[in-house]
Amino acid sequence: MRKSAMPSLFLLLALALTACGASAAGISEADYARLRDAALARPRRVIIDNDGCDVTAYPESREISLKDITDYFNAKCIGHEIDAISYTPYCVSFMMSHRSKVADLNYGRMHVKGLRNLTQWTHEQGTDGLEMASRFARENHFEIFANMRINDLHARWAPKSNYAPFMTAHPEWLVGDMHNAPPFGSWVQFNFAIPQVRERFLAIVTELLAYDVDGLVVDFCRYPVLFPSVAHGQDASEEERGIITTLMRELRALSDRIGKERGHYLLLMAKVPDGIEINKAIGIDVARFCEEKLIDILIVGSDIGRSVPFAKAVRMGQDHGVKTFLSIEAWNGANPLSKDSLELYQGLAAAAWQAKPDGLFYFNMFYHADKFDAIKATPKELLLKDKSYWGRHHSRPDYAAPCARYNRMDAVDGTWLALSTDRTAEVLLETGAEFQRNDIAEKNPAVQLILHTGQNTPEIQAAVNSKTLRRPMCFPRKQIFQVPYWDVKAGQNRIQLKLSQPASPVFRTLFKGDQIIRYSGELPWRRLWPFFVKDETERIVDNALRLHDFGSEDGQCVNFYYPISATAANLAGCFDMKVEYSDAPEAIVLRLADGKHVELITFEPRRIAFRHAQAAADFVTDDDFHHYEWAIDEDGSLSLKADGDELLRATMPMPADDQRARFTGNLDGLPYMYERSLIIGSLSEKGKGASLWKNFQLSQGTCVDGTELSLKFSEDSFLPLCKAMEQPERLTPLFHYHPEEGRLPSEAGWNSSYTEGRLKITKENTLLFDNSDADNLFPTATWQIPPELKHAGAIVRLTWQSRVIESSGNGFTLGFRIISPRDGKCRLFSVMQRKGDAKAGSLSTPTASGEFSSFQAWIEIDTGHYILSINGQVVAMDTMQEVFAPPLLFMGDGSSSCEGIAELRSLDVCLYGN
């Protein structure tokens, strides 16, 4: 191995050519320095990355022409506050999409349905994606930078037919191999300790800088594994850091030579993870990059997770006099744990600008053109925009061990944050500058802490920066807290969460089995052998997911992987499964790893076993579906029930990090995939088997999916209603009816269209509505709205108790129509109650069948916003629809197809305010 201190032949050649080039171009060092100053001084606040999918993943549904390709991606930048485009010509395993003479060309077939690779087609037209991007940039006054990902690992998701020849020809130059996949990064990545790897990299960069570009972005974040040591969980050595520093010196000399020849200074940028320590552990000496002026701009941050606040990340370069951009990482909204919204990106940008960077770099944003309005070149433009600040923006895994060890900002380590009564969980969250401005506070913004939870999660206690919040409004899948504006700080905030009382485990359905787990809805599920999947391997049979491993070659397995939260205490789960056949124990398995221990449950036609605990029981698994329940106690004891009867129980003896518990041959290397995960399907490359799975549920305790701080300035704010709900003493009664008084309603404005005898007081002193009159299809009882409910700013509260005894169709309807003082339009709020449920808007909520339910609705007249609770639980926050009808309160039959009998126990209408 060549020592890092010795210059390579490439560097000696570059230095020689630098002198010759400077002389040939007639540019003095002083002139070149002035060019550098001018290049750095160019207005540049926002750079956006195009990762080359305009060519490599072009939709089959679009026309093919050079103009169409440009319009598909690059043209979307026009009209937005974008100064520069960073173009990535594929770069996977040094396979490129530009017309390279030294690199492997990406001519492979796309294996994603609906997309095609046009790389070869563009070459046949005499051009390529980078050249087209450069031409577009020059014509539309954008800067253009080539982007070279230093060690992209996307090849691990590609079929072998798409592997780069350079990679397959030199497996000894990789950080691992398929049969000994490292736990971090991927075996397909190159080992930069190999001189030939670095020389290949520099040769490709030389070609990229020959294009009409303004410089180069070296992307260390895609992905930050450069050496086998890091891929296997160790920190890079001093020698390894020296290798990368020498590589950057060579890049600096190369870009300077080409720049002097061209008379155009080429800016050199490095995109690195945040945090000095994390970079050193990966092998990147950021301080030396800056001190030796090896880079002109430092780009900090990536989608591998956050380790330091934005303000500290900015100082990584600015403390050394280097311009520093913060990276805003977009991620697709297909993942249910992703939060893909305009408010999210506005929040990210505002939090980043709060740290005073020299600019922002948007990565993966080209897939989110509908969110380009969130791209603002100054923080002032974002001040009055609605924002969502998240404690964890998406669930991308950490691709290097240092990323996991130094990850301090993403407090949710794993998929979910598990809560308990005896431990306070903490989530760190950063906000923008608006929380310290008095002029913004005067706008009376609505601030809410929104906890995204599982179904019917028990009430959670929450605090913001140690200030305890009032009790939340509890929805089926979220809890919403009102947050005093002044308790939120600009910059970093701490959200503390705790259960208010002990709770039973909450089981979540991870899949039902009635449909294939597609990629668009798959995450955080993963296929570990993704390109062995065919129609025969995954099908829906008997409303169950059939996993069929019929291969007997290397790399052939059919299974699914799911991550386990590091904060989970007791784990439990259940599923229904039927074995079709199996010729090897590991052809049908459930692998469980809780972070401490691991066990492999094998299912054979006549036997179930705990592989590591060496426990087994006779059981017929292939006669029908059986219901299996498993649980792991805190002491590491695993139990398995079959159809309600305990079948096996044993202490899990195998440590989760023991190499003997690992499997080989998979194409992935996800962090903690061996230590904290569950896997279903086959883990036998040679064995064969088929099994049917459905109703798969998992409990990791009581968990929070996401922690969101919502800031709204718009009229869509529900803050007035939330404030009114906290001040019931300011209510004035307008209408009060209780049938126990033994009378029908007699208030002014009350009318009924019911046939005599079908609206009456019962012996139990309730008001009965008989909606089964075939001769009177739409009977109603109505009350004319008084003038008090027609003035601007009015808020009304409706409370009632009712039940449906018999129903077909919609049953019983309570509605409220009011003229809005603002726009003169009539708005409709209605609740349709059937026997066993109630529907408001598009939301249907179960109620106790045949029992009285208590309803409460708060309605803001101006906006039509309403908040509805049933039996004390908030079930809807929505907006009333517009209708053409007179304003009134009505009860009765809301549909010609409706029949049934309903009872009303009480009805009250109150006005909130002065």
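Author: Buried means under 20% relative accessible area, exposed means over 50%, and partly exposed lies in between, with a 1.4 Å probe and protein chains only. The model is predicted: local features need pLDDT of at least 70, side-chain atom pairs count only at pLDDT 80 or more, and totals for chains, interfaces and linings use all residues. Residues are numbered from 1 along each chain as its sequence is written, and side-chain values use heavy atoms, leaving out hydrogens and water.

Reader: Is Asp296 buried or exposed?

Author: Asp296 counts as buried, at 2% relative accessibility.

Reader: Which side chain meets that of Asp296 in a salt bridge?

Author: A salt bridge is a side-chain nitrogen of Lys or Arg within 4 Å of a carboxyl oxygen of Asp or Glu. By this rule, the count comes to 41 salt bridges. In one of them, Asp296 meets Arg36, at 3.1 Å from N to O. The pair links distant parts of the chain, 260 residues apart: Arg36 belongs to helix H2 (residues 29-41), and Asp296 to the loop between helix H12 (286-291) and strand E11 (297-300). Helices (H or I, at least four residues) and strands (E, at least two) are DSSP runs, numbered from the N terminus. Arg36 counts as partly exposed, at 22% relative accessibility.

Reader: What may be said of Glu646 and Arg649?

Author: Their side chains meet in a salt bridge of 3.0 Å, N to O. Glu646 is partly exposed at 43% relative accessible area, and Arg649 is partly exposed at 45%. Elsewhere, salt bridges that share partners join Arg36, Arg252, Asp256 and Asp296 into one network.

Reader: Which residues gather in a patch of negative charge?

Author: A patch is made of residues with over 30% relative accessible area and no salt bridge; like charges are joined within 9 Å, and nonpolar side chains (Val, Leu, Ile, Met, Phe, Trp, Tyr) within 5 Å. Here Asp623, Asp624, Asp643 and Asp645 gather in such a patch on the surface. Asp643 is found in the loop between strand E33 (637-642) and strand E34 (645-651), and Asp643 is partly exposed, with a relative accessible area of 43%.

How values were computed. Accessible areas come from the Shrake-Rupley method with a 1.4 Å probe; for residues, only the protein chains shown count as cover. Lys and Arg count as positive and Asp and Glu as negative; His and the chain ends are not counted. The place of a charge is taken as NZ of Lys, CZ of Arg, CG of Asp or CD of Glu.
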